[in-house]
Amino acid sequence: MSTVNKTAHPFDKGRLEALLSRRFFYAPAFEIYGGVAGLYDYGPSGSSLQANIIAEWRKHFIIEEGMLELDTTVITPASVFETSGHVARFADWMVKDVKTGDVIRADHLVKNVLEGRLAGDKEARGQAAAPVKEDEKDKKKKKKMAKGAAVQLADDVVKSYEVTLAQLDNFSGPELGELCRKFDIRNPDTDNEVTEPQEFNLMFASSIGPTGQHPGYLRPETAQGHFLNFSRLLDYNNGRIPFASAQIGRSFRNEISPRAGLLRVREFTMAEIEHFVDPEDKSHPRFKEIREVVLVLLDRHVQASGNTTTIKMSIGEAVEKGIIANETLAYFMARIYLFLLKIGINPDRLRFRQHMANEMAHYATDCWDAEVHNSTGWTECIGCADRAAYDLTVHSAKTGHPLVVREALKQPIITEKEMPEFNKKVLGKTFKQDAGLIQKHVESLDEKALLKLKDELAKGSTSITIDGKTFEISPELLRVERRTFKQSVREYTPNVIEPSFGLGRILYMLLEHTYWSREQDVERGVLSLPPVVAPTKVLIVPLSAKEEFDPLVREVSSKLRRSGVFSRVDDSNTSIGKRYARNDELGTPYGVTIDFASVQNRTMTLRERDTMDQRIGSIDEVIATVTDLVEGNIDWAEACRRLPAYDGVQAID
């Protein structure tokens, strides 16, 4: 079996982007009209890749975890997002160029300029890697970003920049403005100063109805649909907690300056899970299955100290040490990690970063982002948050609909407590409009205060003071007696653990992580997509366009289809090498070649994309082998044991 050197050439983002455009994985939407920033259309390969990622996501989470799947509306009444806090808080900080009015997201501006200056410092110190060939446009843009490029900075300035970048996600808007002044950060495109940061709400406003009488928004996340349907979901699950609901759908965010391809877009597909759990018991029944999974962690305390040093730790140890808040949150972090590895993300370029205090969403008590390293740095692809009981509580308070769990207790709880009993007829006649005030005040007293009142009434009349007014209370008006209560049902608002996936970002990371160039030819790009997500699993390549090949091509296609293996036929008149090279760019993991010996001997060759190794066997043997490969039952080493190597020559009469 051949070995492959995938690192013979450094990663070249320009070549990857050219491949993705040429093979129409995705492209700017409305391109012939000039396009709109942050909006993209997926072509055949990109659509299939996303569909396969989603299919694997559904298997890995919805099916394996027994989740309840939802599909809720995109357009949402404004009142829902007013209640959830999105209207007030779902915002980013933006600055404007004082002369041109260009809008830039404040934290991105600080990050890009400081990183550019640090890169220039390294270059000046002779620490930068050998420069990659760039066109003049890219060079100029990078030079602008790194104001004072290739200039050595003082050691204390370097340290200050590094500490600032480590803490960047924790800064408020005014603090970002202070950083711009402190470090003289300007618009890198114009070198003009920028304004003080202003908040910008990221939701797209809309209206419902012909006259627009019902204001609404396009949803920025799918989560609210889960919470509003909680009572129905709980009933569907026979009133039992814990359970999880899941949804895959479109979301919309009016990004300030979307300039990073699929990494920052205005319309995207999300996959979100809301796992409802008892607030007093956040253990997970399957935790022991994943407790030995080791993750790379960057906790909030390390970041707050101005550092970005990560640690490797098992999930079990992280929970025991209190680094991750609870078992259920940790369980989903491990499952996220295993999913990303399964679809082809490089584990050496994956970490989990904990949100810092100021960065935490208004609803969260703990949150970790799965961040993936790429050509732009570390990018969040998945958030995993403990939302506590925030959402269900606020929606219940707003609507009056109780979003709670009522749980029958195995052992009833017997309690005794002091209870006030009023003679309401005498109370009303004596105090008239103040009667209700007195009753409410006494009923709000705690056990200790009620016992004191009871003792005083046992000795005769007593007085109580409410809002500066004093009222004489006699034993005829009020008695305080000890009562026994039997509680058979516990009522509580569940907490929510939420893993939230940005599928477009995951798709792009996968493309970067799996792209490489052949050692012998840098122009021959390959996408080493795992079979589970590859758009096409098998390429069928007939060596000739002669009619005698047609029945065999139809037979092979039909048998692969019946085996559940998606295949395509490439019967173009280009050379077989060019046909395979074209499909290596599309990430197709396997190819079968039908030649003249196939017609005569019913044999067929099987080619593996990365190694370009070829094996030979009968048509049925090859189909059985490639089916097992695609389904993950065997690897290529096992396929090589099953099928002999093809030496390039077949005997034919």
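Modeller: Happy to! Three strands form an open sheet in the order 6-5-7, and their pairing is antiparallel. Strands here are DSSP runs of E with at least two residues, helices are runs of H or I with at least four, and both are numbered from the N terminus. This is a predicted model, in which local features need pLDDT of at least 70, side-chain atom pairs count only at pLDDT 80 or more, and totals for chains, interfaces and linings use all residues. Residues are numbered from 1 along each chain as its sequence is written, and side-chain values use heavy atoms, with hydrogens and water left out.

Let's start at the edges: strand 6 (103–105) and strand 7 (198–201) each pair on one side only, where pairing requires at least two DSSP bridges between two strands. Strand 5 covers residues 91–96, and four bridges tie strand 5 to strand 7, the two running antiparallel. To place one of these partners, look at Met94, whose bridge partner in strand 7 is Gln198.

The sheet is also turned: on average, neighbouring strands make 50° with each other, direction ignored. Angles are taken between axes fitted to C-alpha atoms, for helices over the stretch in contact, and run from 0 to 180 degrees between N-to-C directions.

Finally, look at what packs here. Helix 5, residues 106–124, lies across strand 5 and strand 6, with contact meaning heavy atoms within 4.5 Å. Relative to strand 6, helix 5 runs at about 75°.
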